[in-house]
Amino acid sequence: MLFLKLFYVFSKIGIFNFGGGYAMLSLIYSETVVKSHWLSNALFTDIVAISQSTPGPIGINAATYVGYTSVINAGYPAWAAVLGAVLASLSIMWLSFILMICISHYLLTHKDAPWVKNVFAALRPAIIGLIAAAALLLMNKENFGTPSASLLLFVLSIALCIAVFFATLRYKVNPILALLVCGIIGLLVY
C-alpha cells in the first residue's frame, strides 16, 4: 500500500509542478509531512539539505530520499527502501517526461504565438510564489533554532541568513564562498 501511495503522490507532484525543484519542495512537504505523516519537520529539513548538496536536481534528489526514508520509517527492510527510493524518483519524472515529449514539438512551432506567451507570463509569478513558499517553509526552528533554546544562536542564525541574502543579492558574492564562510562560522560557534 505504501508503494502505491508513493507512486501516486510523486506522480501527482511531478505532473502538477512547474518551476523546478525548489518550487517542488512545498508540494513534497505538504504531501509527505502534513498529509501522509511519513516524515517529521526536522527530517524533511535534513532531506532538503542533503538534496541540495548532492549532484542532480533537488526535486528528484528529495523524492529519492523521501522514498527511501518513508519506507524505512514504515518498518520495511533496506532493500524495500531502495525500491521506494527508485519508485519515488521515477514517479516524479515519468508523467512530465511523457507530457514534454508530446507537447515539445507543438510548443517549438508555436512559441511566438500570443496565447503561448500569455500562458508562460502567467506561470512566472506562480513559480516565484512556489519558490518563495519553499523558502518560507524552511524558515523553521530546525534551521534557525528558537530564542528560548539559545538567544545567541537564534540571533546568529538570523544574522547569517540576512548577511548571505544581501551579500549575494547586492554584492554578487559567490554562493559557494558564502556557504564556506557560514560553514566555518558554524564549526566555530555551534
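Reader: How many aromatic pairs does a search of the whole structure find?

Author: In general, a pair of aromatic rings is described by the distance of the centres and the angle of the planes. Rings of Phe, Tyr and Trp (its six-membered ring) pair if their centres lie within 6.5 Å; planes under 30 degrees apart count as stacked, over 60 as edge-to-face and the rest as tilted. Here the search finds five aromatic pairs. One of them joins Tyr 29 and Phe 44, with ring centres 5.2 Å apart and planes at 65°, so this pair is edge-to-face. Tyr 29 belongs to helix α2 and Phe 44 to helix α3, so the pair ties together parts 15 residues apart in sequence.

Reader: What should I know about the model itself?

Author: The model is predicted: local features need pLDDT of at least 70, side-chain atom pairs count only at pLDDT 80 or more, and totals for chains, interfaces and linings use all residues. Residues are numbered from 1 along each chain as its sequence is written, and side-chain values use heavy atoms, with hydrogens and water left out.

Reader: How many helices and strands does the protein chain have?

Author: Helices (H or I, at least four residues) and strands (E, at least two) are DSSP runs, numbered from the N terminus. The protein chain has nine helices and zero strands.

Reader: At what angle do α2 and α4 pack?

Author: Axes are lines fitted to C-alpha atoms, for helices over the stretch in contact, and angles run from 0 to 180 degrees between N-to-C directions. Angles under 35 degrees count as roughly parallel, over 145 as roughly antiparallel, 65 to 115 as roughly perpendicular and the rest as oblique. The angle between α2 and α4 (residues 58–73) is about 25°, and their axes are 8 Å apart. The two helices are therefore roughly parallel.

Reader: And how are α8 and α9 placed?

Author: They pack at about 170°, with axes 11 Å apart. That makes α8 roughly antiparallel to α9. Contact means heavy atoms within 4.5 Å. On the α8 side, Leu 153, Leu 156, Leu 160 and Val 164 meet Ala 178, Cys 182, Ile 185 and Val 189 of α9. Ala, Val, Leu, Ile, Met, Phe, Trp, Tyr, Cys and Pro count as nonpolar, Asp, Glu, Lys and Arg as charged, and the others, Gly among them, as polar. By class, this contact has eight nonpolar, no polar and no charged residues.
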